[in-house]
Amino acid sequence: MFVTGSMRWMFVVLILCSVSVLAEEGNALQTTPHFRSSKHVVLLDVTVTDNADHPFSSLAEKDFTVLEDGVPQRIETFEAPDAHTIRTQRAEGTRLDFPLNSKENEPVTVLVLEELNTHFKEIAFARFRLGKFLESQPEKMSQPTELIVLTPRRLEVLCNFSRDPKALLRALNALPASIPWMLMEGGVQGEVERLETTLNAVDQIASANAGRQGRKNIVWIGSGFRLFARPMLFQKDARDTAVAAIKEATRRLLQAHVTMYTIDPSGLQVDSDGHAEVMASDGTIITAPTDPATGDLVFEALAPATGGKIFRLRNDVDTEIADSVAHGTTYYTLSYSPSNRNWDGKFRTIRVALSRPGLKVRTREGYYATEDLPENARPDQALAEAVKNPVPYVGISVKPEIVKLRSNPASAQVTLGVDRHGLSWNLMPDGRRHSEITAIRAELSAKGEVLDYRAVQKDVFIDKGTDAQFQRSLSMPILFTMSTLVPDKATHIRFVICDIASGHIGTADLDLKSAQTSDP
């Protein structure tokens, strides 16, 4: 039975109408971003490479030492790289598409082609090299991979998670060319707007994938945003706000267990005086007499802060993508409970040392330590963001099982299937299991405007039984139906399912243009 809460959902609709404004205000007011460790346990993904920058995967727990602010920490859990690989025996006889509700502790890759801050010539080169990378992949890729593009107009998912490189390549080839008109306009206001759009896109990708188990690797292919090489240099308030926003983006990425790799497709740069940029053996960039192009790599700072890597000053973009994927596949996972129990909000540095010489270590730089908040501390805000976010949420698997469309009047009746594995189940005194979910159905325009919506809550029960019977019952999806009259400008319907106890969210989309009506 559905139960609605009018006051709660009145607040939700207010957020749905103003979520972008709230986000902008939040960036402007946030000056001290914090990372909250989950239950005061810090999780580290650690990439180890040899002198040739090849992943090294044969270390044991005893080879690692974790230091927080210089103080050794006791490692509580340790996973070797082979714990994150795909179990190929489960994939036999199945299609190549990656199941969004997979419980495997395997990494995934999100390829982002960023056209917003990248000149047309460079983005064309990046597309060509990205195509070469996909053409070089085996029939089944090593990681489930999603392809996203950030255009001057919007963030768009070109291909959902798939192990099929041909599907990804078809989606890439179908993408029309885009002129970076916002980049060409310039000006301080344009700089601020593009930085906000870029960071908002990062946040949307991180939020949508936060519910997925395991490591998420974002490979960002684009020129990024060099703050101090921009007119914003002369606007201190704008610069300070931008730096704070970058720190907040870093916090959100760390919370979502996301590692970022940035690839600049510009290749070897030559400035107006004819001086070429050169990368030294230690990774520093040298030019003489001036270095206007490097400035402060503000956006790229997300990479080392999350344990990833910056790729610049090379022309082999396809190789850089392959290196990013390899580093994001072969990694160790360690956890520890900080010995410093004073959660004062200050930044704590993390360093991982190895007993084996000749190896390089990469992990996140640290975190801001504050008291924990519940995962669903701001459920209404999270639900509103999930409605408008173009990236599918994967914390819970949601699928339209039965779709009935009518043209006169324009209406839709959709039966959703919700995977029970993604829900929290509480044992009740009478022996039944109980879960509570929130469901939202929203009709959106081509521009992402919310035209109409409905939000409901549902209590779900599983009959009393043994633990084995309970586990078997999880294989059956929860089915329920939502109906709506379709507004004239609606192009698609987004369904959002949220597990109230954990805050995990899953979404499904119905494209009204491609769906077939069931009129007699």
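Select strands β4, β3, β15 and β17 to begin: in that order, these 4 strands form an open sheet with antiparallel pairing. Strands here are DSSP runs of E with at least two residues, helices are runs of H or I with at least four residues, and both are numbered from the N terminus. Two strands count as paired if DSSP finds at least two bridges between them. The edges of the sheet are β4 (71-73) and β17 (366-368), each of which pairs on one side only. From one strand to the next, the twist averages 30 degrees; the axes behind such angles are lines fitted to C-alpha atoms, and the angles run from 0 to 180 degrees between N-to-C directions.

The model is a predicted one, in which local features need pLDDT of at least 70 and side-chain atom pairs count only at pLDDT 80 or more, while totals for chains, interfaces and linings use all residues. Residues are numbered from 1 along each chain as its sequence is written, and side-chain values use heavy atoms, with hydrogens and water left out.

Within the sheet, select β3 together with β15 (residues 347-354): the two pair in the antiparallel sense over 5 bridges. Which residue of β15 stands opposite Thr65? Ala353 does.

Next, display the aromatic side chains. Rings of Phe, Tyr and Trp (its six-membered ring) pair if their centres lie within 6.5 Å; planes under 30 degrees apart count as stacked, over 60 as edge-to-face and the rest as tilted. By this rule there are 5 aromatic pairs. In one of them, Phe64 and Phe78, the ring centres are 5.6 Å apart and the planes stand at 55 degrees, so the pair is tilted. The pair links distant parts of the chain, with Phe64 in strand β3 and Phe78 in strand β5 (residues 75-79), 14 residues apart.

Is Phe64 buried or exposed? Phe64 counts as buried because its relative accessibility is 5%, whereas Phe78 is partly exposed at 23%. Buried means under 20% relative accessible area, exposed over 50% and partly exposed in between (1.4 Å probe, protein chains only).

Move to the loop between β2 (42-49) and β3 (64-68), where Pro55 is found. Pro55 is partly exposed, with a relative accessible area of 30%. Its C-alpha atom is separated by 6.3 Å from that of Thr330, 275 residues apart along the chain. Leaving aside residues up to four places away in sequence, Pro55 touches Val48, Thr49, Ala326, His327 and Thr330, contact meaning heavy atoms within 4.5 Å.

Two arginines come next. The charged end of Arg212 sits over the ring of Phe161, 4.2 Å from its centre. The charged end of Arg433 sits over the ring of Phe470, also 4.2 Å from the ring centre. The criterion is NZ of Lys or CZ of Arg within 6 Å of the ring centre and within 35 degrees of the ring normal.

Then select β21 (residues 433-444) and β22 (residues 450-462), which pair in the antiparallel sense over 12 bridges. Ala442 has Tyr453 in β22 as its bridge partner. The hairpin has 5 residues between the strands, and Gly448 takes a positive phi near 85 degrees.

Buried residues make up 50% of its 520 residues.
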